[in-house]
Amino acid sequence: MRVVIADDQPDVVVHLTEIIEELGHDAVGFTDGEAFSDSISREIFDLVILDWNIRSKNGTPLFNWMCKALPKRPPVIIMTNRAAKRDITEALTAGADEYITKPEVRSVIAARVNALLRKSAPSGAFDTEVSYGLYLMNRLDQSVTLHGKTILLTAKEFELAEMFFKNANRTLSRNNIIKTIWRTPESMASRTLDMHVSRVRSKLDLQLQNGFRIVTVFGYGYRLECLKT
């Protein structure tokens, strides 16, 4: 799962990134509120860790903006050195899902992150098999069944296909896909992404009669469209 961190202290971002990655999740960090808001409006994240005193944009207006602007706001942990009861009350009343006062021990941060991710995971997120229209995905052998035929995919092809299906009708940026699937800068995997998209499109026969198609959004990324058959 993907976690975005917004804190104006670089050492805190590094510390939290290490915790998130040790838990087996991906982390993206920002020390500037403008950069954070730009990223979260374009990319998909499963959890936000937000400093109440982030640079460029204060935590309060940033949080309020997320609640209004994002189609589906991910859970938010407010993490700050503000320990006054009124600050905690303000954050939780506004809708924050958790409040952590700095400094906090590594184990507590990890436990609260995992608890929120488990709570917010969509139904079926950890099932062995999951269906999307005519497609049945098996996470154990990384195969997809369509019209009774089993289609074997490579590990990256399966991850990519599942990412598309989970975010059907939502445009995914190239950078978002590459960071999520390959965990590397966009410039290092751009051609690899295009090749894998082509393979997934072909292997899964993503076209009108099967209910889905992959659309290229030029200059930005890709979108899997759910079609009415």
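Leu 206 counts as buried in this predicted model, because its relative accessibility is 8%, which falls under the 20% cut-off for that class. The residue lies in the loop between helix H8 (186-203) and strand E11 (212-217). When residues up to four places away in sequence are set aside, Leu 206 touches Tyr 135, Phe 165, Val 200, Arg 201, Phe 212, Arg 213, Ile 214 and Leu 224.

The side chain of Ser 37 reaches the backbone oxygen of Glu 34 at a distance of 3.0 Å.

| Residue | Relative accessibility | Class |
|---|---|---|
| Leu 206 | 8% | buried |

Elsewhere, the model pairs two helices. The axes of helix H6 (residues 155-166) and helix H7 (residues 174-181) come within 10 Å of each other and cross at roughly 130°, and H6 is therefore oblique to H7. The crossing in which H6 passes H7 is right-handed. On the H6 side, the contact involves Lys 156, Glu 159, Leu 160, Met 163 and Phe 164, which meet Asn 176, Ile 177, Thr 180 and Ile 181 of H7. Sorted by class, the residues in this contact of H6 with H7 comprise five nonpolar, two polar and two charged ones.

How values were computed: Residues numbered from 1 in each chain as written. Predicted model: local features only at pLDDT ≥ 70, side-chain atom pairs only at ≥ 80, totals over all residues. Heavy atoms only, no water. Axes fitted to C-alpha atoms, helices over the stretch in contact; angles between N-to-C directions. Helix = DSSP H or I, 4+ residues; strand = E, 2+ residues; numbered from the N terminus. Parallel < 35°, antiparallel > 145°, perpendicular 65-115°, else oblique. Left-handed = near helix turned anticlockwise from the far one by under 90°. Contact = heavy atoms within 4.5 Å. Nonpolar A, V, L, I, M, F, W, Y, C, P; charged D, E, K, R; others polar. Buried < 20%, exposed > 50% of the residue type's maximum accessible area, 1.4 Å probe, protein only. Polar contact = N/O pair within 3.5 Å; in protein donor to acceptor, adjacent residues only side chain to side chain.
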